[in-house]
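Subject: Structure for you to look at

Hi,

Here's the structure I promised to pass on. Have a look at it first, then read my notes below and follow along.

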Amino acid sequence: MYNKIFKEAPLLLPKPILISKLEALPKWKLIDNELVREHKFRDFEETWSVLTKVAMRSHLWGHHPTITTTYNKVQFRLTTHDVSGVSNIDLKLASKIEKYLTTKV
């Protein structure tokens with residue numbers, strides 16, 4: 001899938017480069033060829049406030065994460081099926097999600 005804003009094709013990130021770049025996102029883990037992040041919010045409203053932002057950004061970029069949520073607990077899983085692994089776009093989306101998670105609503 002191409003990025004709808006920049007028409008940027010995803011590029012598979014070699015594992016050494018990915019691990020190096022994940023140093024800037026310490027709460028994200030590489031598990032089974034996916035970037036994974038879990039987060040617990042204060043309440044249901046805060047959860048969905050952030051999830052709405054993630055959904056809109058994901059749709060705009062044409063790159064949709066797997067999101068699992070139960071009340072105030074959320075798990076994000078990012079991978080790019082077109083390249084069979086974690087791409088530059090996954091890393092970019094992880095950075096954006098992290099900003100949403102660390103900014104007070």
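Let's start with the sheet: in this predicted model, four strands make up an open sheet, and their order is 1-2-4-3. The pairing is antiparallel. At the edges sit strand 1 (29–31) and strand 3 (66–70), each of which pairs on one side only. Going from one strand to the next, the twist averages 25°.

If you zoom in on strand 1, you'll find three bridges joining it to strand 2 (residues 34–40), and these two strands run antiparallel.

Now for the helices. Helix 2 lies across strand 3 and strand 4 (73–78), and it runs at about 170° to strand 3.

Helix 2 also has a helix to pack against. In general, you describe two packed helices by the angle between their axes and how far apart those axes are. Here, helix 2 (residues 44–61) and helix 3 (residues 88–102) pack at an angle of about 155°, and their axes are 10 Å apart. Angles over 145 degrees count as roughly antiparallel, so that's how helix 2 and helix 3 are arranged relative to each other. Their crossing is right-handed.

Which residues meet there? Helix 2 brings V50, K53, V54, R57, S58 and W61, while helix 3 brings K92, L93, K96, I97, Y100 and L101. Sorted by class, that contact between helix 2 and helix 3 has seven nonpolar, four charged and one polar residue.

Cheers

Key
Residues numbered from 1 in each chain as written. Predicted model: local features only at pLDDT ≥ 70, side-chain atom pairs only at ≥ 80, totals over all residues. Heavy atoms only, no water. Axes fitted to C-alpha atoms, helices over the stretch in contact; angles between N-to-C directions. Parallel < 35°, antiparallel > 145°, perpendicular 65-115°, else oblique. Left-handed = near helix turned anticlockwise from the far one by under 90°. Contact = heavy atoms within 4.5 Å. Nonpolar A, V, L, I, M, F, W, Y, C, P; charged D, E, K, R; others polar. Pairing = 2+ DSSP bridges.
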